[in-house]
Amino acid sequence: MSEGYEVAILGATGAVGTRLIQQLEQSTIPVSKIKLLASSRSAGKKLQFKGEDVIVEEAKPESFEGVDIVLASAGGSVSKKLLPEAVKRGAVCVDNTSAFRMDPDVPLVVPEVNEKALYNHHGIIANPNCSTIQMMVALEPIRKVFGLKQIIVSTYQAASGAGQSALNELYSEAQDYLDGKEMSADIFPTKGDKEHYPLAFNLLPQIDVLEDNLYSHEEWKMIHETKKIMLGDMNDPKIKVTATCVRVPVPISHGESIYIEVEDKENATVDAIRKLIDEAPGAVLQDDPEHQVYPQPINATGSRDTFVGRIRPDLENKGSFNMWVVSDNLLKGAAWNTVQIAERLVADDLVEVK
Ligand code: A2P
């Protein structure tokens with residue numbers, strides 16, 4: 001056993017990348033050397049890892065020489081181009097982008113749900129979409145005991161899910177609005193699309209591009225990632241899933257209104273579901289209507305946990321329930337889940353040290 005692993009963070013200067021550094025600092029992974037990689041724009045910039053200055057380098061195929069673990073969050077096209085180069089050089093990559101999520105050879109992992117899928121990796125492991133992850137943490141304990149027939153989810157997604165520049169755009173729009181100026185929008189709802197709309201003091205029912213099937217790509221991801229994580233097949237009809245994804249002018253932490261129909265309609269009760277959530281790894285029950293206690297983005301931000309509350313029965317359909325789920329999209333939705341996967345890979349001896 002060597003003294004530790006050489007780890008590279010790809011996209012180290014971004015909203016998720018900076019949190020990857022922080023989560024890695026706090027993790028159980030012994031790090032012998034760290035490489036911080038970004039675009040040529042950031043080359044030479046200084047960041048810190050465990051109190052030491054580290055110079056950011058431009059990411060190139062050769063950057064991965066000698067690297068054991070890559071944590072990537074620099075966008076799908078960058079992952080598509082560079083992660084196969086890292087794998088060629090013997091690294092194991094945990095990718096936070098959607099580039100490889102639907103590849104049948106790539107495990108899509110939320111450790112609380114399907115950690116065992118890591119044993120089938122071929123060098124790349126995909127971190128699911130932020131909205132999918134928090135929904136999995138909340139629903140897996142219920143699925144295991146009562147089964148799930150259907151999930152209907154509406155998301156209230158924070159601006160930071162679109163990256164640091166999008167978050168900056170929200171702040172400047174808000175300032176312009178308060179100063180009585182016209183708001184200008186260049187990023188939301190999604191950078192690559194034709195039209196752009198302000199997010200400040202607004203709601204945008206479009207996350208990622210709108211597809212020919214009338215769903216946004218984010219909604220498509222929630223549907224198919226859920227099936228791949230819970231059932232092992234992105235098209236498995238056993239659990240019916242539908243989604244509406246909405247961007248809200250909240251900086252960090254996504255909210256989700258989730259409606260479920262369970263299989264075991266006789267035994268599932270609000271009290272039983274509350275108990276399951278209370279005991280579930282990674283989930284925290286915040287459900288006390290008498291004292292107005294329920295999850296809120298402001299309180300979830302900075303935590304690795306997923307908060308669940310407002311659990312209540314559908315009054316007209318036995319065996320169906322509503323709930324409200326909030327988690328920090330940059331931590332459990334991205335950086336923490338990525339580092340947590342890497343911790344499991346190390347603990348289960350699934351990374352070869354060079
Ligand atoms: P840079 O800061 O140099 O642009 P966010 O998700 O917050 O927008 O961050 C995206 C991250 O991906 C940043 O660290 C950004 O670096 C990085 N990035 C963007 N394009 C590339 C590229 N072509 N090669 C490597 N890293 C990139």
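Reply: A salt bridge is a side-chain nitrogen of Lys or Arg within 4 Å of a carboxyl oxygen of Asp or Glu. Side chains of opposite charge can pair when their charged atoms come close. The model is predicted, so local features need pLDDT of at least 70 and side-chain atom pairs count only at pLDDT 80 or more, while totals for chains, interfaces and linings use all residues. Residues are numbered from 1 along each chain as its sequence is written, and side-chain values use heavy atoms, with hydrogens and water left out.

By the salt-bridge rule, the count is 17. Glu-65, Glu-85, Lys-88 and Arg-89 are joined in a network of such bridges.

Other bridges link pairs of residues. Lys-46 is bridged to Asp-53, with 4.0 Å between the closest N and O atoms. To describe the setting of such residues, relative accessible area is used: buried means under 20%, exposed over 50%, and partly exposed in between, for a 1.4 Å probe and protein chains only. Lys-46 is exposed at 55%, whereas Asp-53, at 48%, is partly exposed. Asp-193 forms a salt bridge with Lys-194, the closest N and O atoms lying 3.8 Å apart; Lys-194 is exposed, at 74%.

A further bridge lies within a helix. Helices (H or I, at least four residues) and strands (E, at least two) are DSSP runs, numbered from the N terminus. In helix α7, residues 270–279, Glu-279 and Lys-275 are four residues apart, which means a separation of about one helical turn. Their side chains meet in a salt bridge of 3.2 Å, N to O. Glu-279 is exposed at 55%, and Lys-275 is exposed at 52%.

The strands provide a second setting. Two strands pair if DSSP finds at least two bridges between them. Six strands make an open sheet in the order β10-β9-β11-β14-β13-β12, with mixed pairing. β10 (240–247) and β12 (283–285) stand at the edges with a single partner strand each, so one side of each has no neighbour in the sheet. Axes are lines fitted to C-alpha atoms, for helices over the stretch in contact, and angles run from 0 to 180 degrees between N-to-C directions. Neighbouring strands of the sheet are turned by 25° against each other on average, direction ignored. Strand β9 (148–157) and strand β11 (254–262) pair in the antiparallel sense over eight bridges, and Thr-155 stands opposite Glu-256 in β11.

Helix α4 (130–146) lies across β9, β11, β12, β13 and β14, at about 30° to β11. Ser-327 belongs to strand β14 and is buried, with a relative accessible area of 0%. Contact means heavy atoms within 4.5 Å; leaving aside residues up to four places away in sequence, Ser-327 touches several residues, among them Gln-134, His-254 and Thr-306.
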